[in-house]
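The sequence and the structure are shown first.

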Amino acid sequence: MQERDERMSRIISGIAGFSIILSLFFFSGITMADTLPFNQNQGGFSGYQSGAYDSLADQPTADNWDRQSRFSAGQHPELKWVFSIASPISGTPVIGADGSIYFGAENGKFYALDRNGQEKWVFRTGGPILSSAALAENGIIYMTSKDGKIRALNADGILQWTYDTSDIIESSPVLGADGSVYVACKGGYLYALNPDGSLKWRYLTGGIDFPVSIDQDNSIYVSSREGSFFCLKPDGTPKWSCHLGSSPGTPAVDKDNNIYVYSADKLYAVNPKGQIRYSYNLNKAGEAKTYLAMSGGHIYVAANKLYSYSPSRAEAKEYAVYACSAPVIGADGTIYVGSRNMSGILSALDKNGEKLWDYSIGGIEGAPALGRDGIIYVGNREGKLYALDTYQLESTSFDPVPGDNYVEVEKTLGISFNKDIYPDLAYKRISLTDALVKPVSVQQSIEGKTLVIKPENNLLKDAKYFLKIPYNAVKDDLGRNLDEDLRLSFSTFSKTEKEPVAEFTIGENFYRVEGQLKGMDAQPFIKNSRSFVPVRYLALALGVDEEDIKWEDASQTVSLKKDKILVKVSTKSKMIDINGQSREMDVLPLNKNNRIYLPARYIAEAFGYKVDWDKEKEMINISW
């Protein structure tokens with residue numbers, strides 16, 4: 001197995017911090033993919049509970065959500081790779097935390113590919129696979145096939161267990177919050193299995209063609225072919241039922257647990273008690289292969305056309321996409337939807353339905369899947385899985401950081417990009433010059449997404465420098481260059497004040513230790529005019545070793561030890577204990593999202609440091 005990707009872009013290590021004034025002549029930025037764990041409530045309109053999915057996966061499921069992604073894609077799709085198996089791919093790919101792509105095909109095989117499109121392993125079933133897999137938080141991959149079997153595989157493709165329903169399964173598995181696996185069968189039974197593969201319960205309906213949905217209260221919604229719509233409790237007993245038109249599809253649920261179902265040319269809204277609130281006629285949208293997606297107060301119905309329905313206005317718009325596959329909504333509201341026609345165009349539309357781009361794929365059945373790096377994965381009926389790179393090569397950040405006031409003249413420059421880069425034609429023409437346009441000798445190297453520029457001698461104090469990176473100095477793996485040259489300038493100046501040991505900035509997920517950036521999964525914040533910092537990262541910044549940071553759950557106490565100093569604070573007391581001597585603080589330590597927070601000065605002063613507050617920058621500076 002490949003190691004899991006880090007949750008934030010790697011910052012250049014070993015770069016000393018120093019004071020600069022930085023002005024940017026040209027800087028091209030993009031909105032990069034969010035790095036938060038998987039969230040099925042993106043945009044606030046949908047209300048699905050998350051289920052026991054792998055929260056670090058890019059897309060752990062194709063169902064049981066509002067078909068929104070927490071990622072966005074770009075505006076320039078180009079083929080990155082294609083994987084061919086000569087068997088129709090009907091389901092939606094799912095994407096693991098390490099970038100692995102999982103999908104099944106009608107040849108009865110279930111595939112795992114790495115992010116470069118290379119086959120990792122194949123698992124053979126006894127029937128065609130029309131569904132999508134589900135990636136669970138326990139590392140298990142759940143999948144189904146038309147041979148009637150529900151299977152659990154580990155990340156290496158090794159079978160863990162099989163449950164035989166003796167029925168036909170075309171729908172995807174859906175996971176509950178407790179890890180239960182829900183699978184609907186064509187014959188009419190909805191199965192609920194425990195995570196170990198044992199039967200929890202089953203419920204008989206009139207034939208099921210679509211996966212179930214689960215709301216925030218763990219109620220389970222399932223539609224039957226003959227038009228009945230059921231709400232079941234987690235124990236499998238009925239809560240209520242109502243009758244809609246024939247062959248209702250997969251329900252979607254909003255944040256208030258209102259349920260939306262498409263059936264027989266109508267979009268139905270059902271309240272949490274099972275009462276039909278209203279129905280809206282979508283002008284013969286068609287019944288087969290109809291999917292719902294929700295975003296920004298709109299419900300999208302993918303049928304013979306793509307419809308956008310606004311409940312607040314009780315009106316629908318028709319978009320120029322036909323014979324729609326399942327859609328997916330990007331984090332920025334962009335709609336990605338394919339066509340089941342032989343032409344199989346994958347289209348990206350903005351929130352108003354205007355086409356942003358088209359890309360010819362060939363008959364598309366399942367939804368596209370969006371990766372964190374802007375790659376879109378989509379399969380077709382010809383048995384090809386496409387990976388489209390949608391972002392052009394662009395710079396995303398640089399070091400020196402604009403406004404940084406702690407820089408030494410022993411400086412290494414780092415320019416980060418939105419993807420891995422490689423040397424190109426003008427790589428040797430990257431230049432660093434002073435104010436008199438005198439060249440500064442540099443060494444340059446590439447580390448993944450980062451271009452590192454290291455002057456061979458120290459920079460001068462109180463001097464201005466100019467860095468130029470020609471547009472074709474670097475390229476991505478598809479050979480694409482920057483749109484134009486990247487130029488930036490900065491001025492160094494000498495300092496008389498003491499170099500800070502550490503800096504924490506309000507609202508930022510990183511801190512600085514002796515000029516180097518470090519990531520953290522917490523943010524300093526202000527409460528009642530006091531700045532609070534996460535104690536763990538503050539201790540690390542002050543040189544406390546990881547193993548000397550200890551938490552005692554019973555007393556809610558954190559202990560920090562460095563050299564001969566032992567500091568203890570508890571969320572239950574305003575007292576701070578330093579080597580057995582207690583003194584009172586004017587605030588109580590806070591426990592927020594399983595992190596302990598305090599104003600920095602109590603911990604810092606206990607270890608002999610001094611704390612200053614930069615009001616303009618909302619920055620806590622810690623020095624000797």
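## Cysteines

Cysteine 242 is buried, at a relative accessible area of 13%; buried stands for under 20% relative accessible area, exposed for over 50%, and partly exposed for what lies in between (1.4 Å probe, protein chains only). The closest cysteine sulfur to that of cysteine 242 belongs to cysteine 231, and at 9.6 Å it is too far for a bond. Cysteine 231 is also buried, with 1% relative accessibility.

A disulfide is a covalent bond between the sulfur atoms of two cysteines. Here the term is applied to a pair of cysteine sulfur atoms within 2.5 Å. Searching the whole structure gives 0 disulfides.

## Basis of the model

The model is predicted: local features need pLDDT of at least 70, side-chain atom pairs count only at pLDDT 80 or more, and totals for chains, interfaces and linings use all residues. Residues are numbered from 1 along each chain as its sequence is written, and side-chain values use heavy atoms, with hydrogens and water left out.

Helices (H or I, at least four residues) and strands (E, at least two) are DSSP runs, numbered from the N terminus. Two strands count as paired if DSSP finds at least two bridges between them.

On one pairing, S29 runs antiparallel to strand S28 (residues 335-338), with 4 bridges. Tyrosine 336 has alanine 348 of S29 as its bridge partner. The hairpin of S28 and S29 has 6 residues between the strands, and glycine 344 in this hairpin has a positive phi near 55°. S29 is also joined to strand S30 (residues 355-360), again antiparallel, by 5 bridges. In this pairing, alanine 348 is opposite tryptophan 357 of S30. Between S29 and S30 the hairpin has 5 residues, and glycine 353 has a positive phi near 90° there.

## An open sheet of 4 strands

Another set of strands forms an open sheet of 4, in the order S2-S33-S32-S31 and with antiparallel pairing. Its edge strands, S2 (78-84) and S31 (369-370), each pair on one side only.

Within this sheet, strand S32 (residues 375-379) and strand S33 (residues 384-389) run antiparallel and are joined by 5 bridges. Valine 378 has tyrosine 386 of S33 as its bridge partner.

Which residue lies in the loop between S2 and strand S3 (94-95)? Alanine 86 is found there. Its phi is near 60°, a positive value in a residue other than glycine. Alanine 86 is exposed, with a relative accessible area of 72%.

Asparagine 594 is not a glycine either, yet has a positive phi of about 65°. Asparagine 594 sits in the loop between strand S54 (590-592) and strand S55 (595-598), and counts as exposed at 72% relative accessibility.

## Two partly exposed lysines

Lysine 464 lies in strand S41 (residues 464-469) and is partly exposed, with 37% relative accessibility. Alanine 435 is 29 residues from lysine 464 along the chain, and their C-alpha atoms are 5.5 Å apart. Leaving out residues up to four places away in sequence, the contacts of lysine 464 are Thr433, Asp434, Ala435, Ser489, Phe490 and Ser491, where contact means heavy atoms within 4.5 Å.

Lysine 186 is in the loop between strand S12 (181-184) and strand S13 (189-193). At a relative accessible area of 24%, lysine 186 is partly exposed. The C-alpha atom of lysine 186 is 4.9 Å from that of isoleucine 208, which is 22 residues away along the chain. Beyond four places in sequence, lysine 186 is in contact with residues including Asp167, Glu170, Asp209 and Arg225.

## Nonpolar cores

In soluble globular proteins, nonpolar side chains tend to be buried together. A nonpolar core is a set of buried Ala, Val, Leu, Ile, Met, Phe, Trp, Tyr and Cys residues joined through side-chain atoms within 4.5 Å. In this model the largest such core has 39 residues, and those with the most contacts inside it are Phe504, Leu560, Ile603 and Ile622. Another core, of 30 residues, lies apart from it and includes Val174, Leu175, Tyr191 and Ile220.
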